Amino acid sequence: MPKVVALPRSFSRSEEAKEMLLQAGFEVIWNTEGRPLNEAELIEVIKGADALITGIDEVTAKVLEAGAPTLKVVAKYGVGYDNIDVEAASRLGIPVTITPGAPTRSVAELALTLMLSVARHIPQMNAGVRDGGWGRTTGTELGDKVLGVVGLGAIGAEVVKRAVAFDMKVIAYDAFVRQDMIDKYGVQYVTLQELYAQSDFITLHAPAIPETVGMINKESLAQMKKNAILINTARGDLVVEQDLFEALSSGQIAGAGLDTFVQEPPATLDIVGLPNVVTSPHVGSNTVEAGYRMAKMAAEEAIRAVNGEAPKFPVKAPVSK
């Protein structure tokens, strides 16, 4: 009986995906710890497995080597795969797959939620009312503001659709120009420096690669408007957190909405404790609907791999220089 290890806690909520695995004749090993597994735990659980479905667990080279004799696929429950050693997987002949499109709408909606929450100080006023107060803080509208989108892929495009409904003007930076976004939504492509200088809101939707890690730093923050609000629902590594903390503390920029951090949970509470910051615990894709879509797609990839079929959504290993 093929064995699949399903680590994401929310995966088990998808009855359709569970039934797919059982109908395929899989023995399913669930994560019962209530948290991501560490390397030692993964090494033990992956032994003899034919497929691994993972969320944010760190799938290191050692983990992959422990599973290599039998492991036929690592199916990511999501689209960001920087927690998986793809190069090691490629070396061992283990394909890594993702679920493109599944969490797109959910992440885009969270980005807009954070924009509104920071702009209108919703969490702070909510806390005040709960404490018996009635203090009012003046916010700012999204309408007629400039939204800078860094990374106009699937999620960035969904954010644009929603931002236009708020009457925002959208500028974007991406290595690839999408004519459909220009024609339908009036998106203007600019340089990264122009985006920093012109945007009232900046939302990050870029992958964490060598060219983007640490892109939000002292230099880039110094180019932003005093009223700028930064939103990050992509990857924590895009931001130098100490530099952002200093910019927010000094009033160099107005605020931030952060769903991702370099270390999760954050190594310190300095930045999350600022009054002009709204945070969430990396929940961009954490909706019922996205969970169902990701679970179904990950289960399908596991079944394909065990049946000897090619994966539908494989990730390519980085080219060594």
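Select Y77 to start: this residue of the predicted model is buried, at a relative accessible area of 8%. A residue counts as buried under 20%, so the 8% of Y77 places this side chain in that class.

F11 sits in the loop between β1 and α1, while Y77 is in the loop between β4 (73-76) and α4 (86-91). The two are 66 residues apart, and their pair links distant parts of the chain.

Keep F11 and select W30. The structure holds two aromatic pairs. F11 and W30 form a tilted one, with 5.9 Å centre to centre and 40 degrees between the planes. This pair also links distant parts of the chain: F11, in the loop between β1 (3-6) and α1 (15-23), is 19 residues from W30, in strand β2 (residues 27-30). W30 has 32% relative accessibility and therefore counts as partly exposed.

Show F11, W30 and Y77 together: ring pairs link the three into a cluster.

Which residue lies over the face of W30? K18 does, at 5.9 Å from the ring centre.

How values were computed: Residues are numbered from 1 along each chain as its sequence is written. This is a predicted model: local features need pLDDT of at least 70, side-chain atom pairs count only at pLDDT 80 or more; totals for chains, interfaces and linings use all residues. Side-chain values use heavy atoms; hydrogens and water are left out. Rings of Phe, Tyr and Trp (its six-membered ring) pair if their centres lie within 6.5 Å; planes under 30 degrees apart count as stacked, over 60 as edge-to-face and the rest as tilted. Helices (H or I, at least four residues) and strands (E, at least two) are DSSP runs, numbered from the N terminus. Buried means under 20% relative accessible area, exposed over 50%, partly exposed in between (1.4 Å probe, protein chains only). A charge sits over a ring if NZ of Lys or CZ of Arg is within 6 Å of the ring centre and within 35 degrees of the ring normal.
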